[in-house]
Amino acid sequence: MTTFIKPIWGLFVCILLLSACQSNKEWTYLKTIDLADSTPIGLTAYQGNIWIADGDHNRLVELDKEGNIKNKLEGWERPMHLDSDAQTLYIPEYGSDKIIQWNNGQKSFMSITDSLDAPAGISVYKNEKAIADFYNHRILYFNGTKWISFGKEGKAQGDLYYPTDVQITTSKIYVADAYNNRVQVFDKTGKALQVIGQTERMNAATGIYVSNKQVFVTDFENDRVLIYDLEGNLQQSINQGLNKPTDLLIIEKELYIANYKGKNLMVYQR
Amino acid sequence: MKYLIIILSIFALFLGVQPQANAQTNNDKDQFSVKVDGLGCPFCAYGLEKKFKELKGIKKVAIEMETGMMTFEYPTDKSLSIERVAQQVEAAGYTPVSVEVARTDGTIESSQSEVIEEHIEESALVEARFFVAGNCGMCKARIEKAANGVAGVTVAEWDKESKELFVTFDSSLVQQEEIEAAIAKSGHDTTTSKAEEETYKNLPGCCQYERVP
């Protein structure tokens, strides 16, 4: 019997050690994708390519996975933090107070029961949607049935101060509470659950990305990206080559950082 | 041949003048160009553009982030002054460097005045460094403008990392406390002078620094 148990036990220990190593492994620099004259604010992956919101130039830029520019779509009004699903690219227009749905070249407006004032970010998860409503200091959230609003101007937990990005996960909503210099986590009724990043003295938490194990935040004025575990413990700080980062995204295990002033995407791996 | 040249010249002159005359009759809007300092954060800069768009009568506002240049049109009959535009930019929490307007009658007005060199005795010049609260490039522009606006100040440079302002000033004309008071009036706390709560609240989001206790 012991002859069977010993190898199984050994294998179990190895798996445990491997998974521990994997979770502690830091992100390291891989490459830089130069965007020439484009200043990226938001990014998403849509139909196999990377899409960038170039707010300064009122356009969207489409890149292939190698970083080659495939297309530039002009004529948007300050496009910001994008999101997408299989069919649709969602573009919050800060200048027009609209959410544009781009579906194979066809434009339509997202129907919202309330008015926005400078939508800075959108997140789409299954049939749920959330919008960071910058000047109204709130999040508008569609739970699949109806829109609700949460957050108000302020500094206390649950309050927001110029939110710029949002992400819906299975059970929570993460908000880049930009000028409160923190990330806030809410449940899907709008109840404040958690504050992340208050001890790091961030200066404008402008963009977030949440994976199943980590929370990534762009600390805009401090030229860095902070990476936390889901409990809010700081795991890593990245600053190499960063110049006013604004958004993040993981595509096929690589972390893409929208480097606004650097006019490029910085790519990290682990 | 001589007559042909004269006729063609008159015809060409007519063609050249005609569009301009049409343009003058059709264009009833003054063209404003405002140079704004310290536009580092896109969220706030686009906000300035957006808030200007919401003002009645203002059309086609655009900000060039690289140059900090904001341009817009405004109906001529409303006689919008360059001082009013500068005030509007400042009220939104930004720092106007210059305002220029091309009126429909062809006149150009500019806020930039001739710089008069002050002759200051070397012995009266004093250097000082002191703390000024702020966050970003826009804060830097506002702080330095406030300090430079005080008569007697010759140099004002604020460092975002250390939060220190380096100033040189003519001590026979002004004292450090007066410079600090002017900076606080613009919305930024120093160790000895505090900004009014209302002024602080009117700063753009990215400039909302941690208040000095």
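Two residues are in contact if their C-beta atoms, placed from the backbone, lie within 7 Å. The legends below describe close-up views of a predicted model.

**View 1. The contact between chain A and chain B.** Chain A contributes 19 residues to the contact, and chain B contributes 13 residues. On the side of chain A that touches chain B, 12 residues are nonpolar, four are polar and three are charged.

**View 2. Helix α2 of chain B and its surroundings.** Helix α2(B) runs over residues 42-53 and has 12 residues. From its first C-alpha to its last, α2(B) reaches 16 Å, close to the 16 Å expected at 1.5 Å a residue. Because 10 of its 12 residues are buried, α2(B) is largely enclosed by the rest of the structure.

**View 3. The four-stranded sheet β2-β3-β4-β5 of chain A.** These four strands of chain A form an open sheet, in the order β2-β3-β4-β5, with antiparallel pairing. At its edges lie β2 (42-46) and β5 (69-74) of chain A, each of which pairs on one side only. From one strand to the next, the twist averages 20°. Within the sheet, β3 (residues 49-54) and β4 (residues 59-63) of chain A are joined by five bridges in the antiparallel sense. Ile50(A) has Leu63(A) in β4(A) as its bridge partner.

**View 4. The hairpin of β15 and β16 in chain A.** Strands β15 (residues 172-177) and β16 (residues 182-187) of chain A pair in the antiparallel sense, over six bridges. Ile173(A) is bridged to Phe186(A) in β16(A). Four residues lie between the strands of this hairpin, and Asn181(A) takes a positive phi near 55°.

**View 5. The hairpin of β16 and β17 in chain A.** Strand β16(A) also pairs with β17 (residues 192-196) of chain A, here over four bridges and in the antiparallel sense. Val183(A) is the residue that stands opposite Ile196(A) in β17(A). The hairpin formed by β16(A) and β17(A) has four residues between its strands. In the turn, Gly190(A) has a positive phi of about 95°.

Note on methods. Residues are numbered from 1 along each chain as its sequence is written. Chains are lettered from A and ligands numbered from 1 in the order in which they are written. This is a predicted model: local features need pLDDT of at least 70, side-chain atom pairs count only at pLDDT 80 or more; totals for chains, interfaces and linings use all residues. Two strands pair if DSSP finds at least two bridges between them. Helices (H or I, at least four residues) and strands (E, at least two) are DSSP runs, numbered from the N terminus. The expected span of a helix is 1.5 Å times one less than its number of residues. A residue is buried if 20 or more other C-beta atoms lie within 10 Å of its own, exposed if 12 or fewer, and partly exposed in between; C-beta atoms are placed from the backbone. Ala, Val, Leu, Ile, Met, Phe, Trp, Tyr, Cys and Pro count as nonpolar, Asp, Glu, Lys and Arg as charged, and the others, Gly among them, as polar. Axes are lines fitted to C-alpha atoms, for helices over the stretch in contact, and angles run from 0 to 180 degrees between N-to-C directions.
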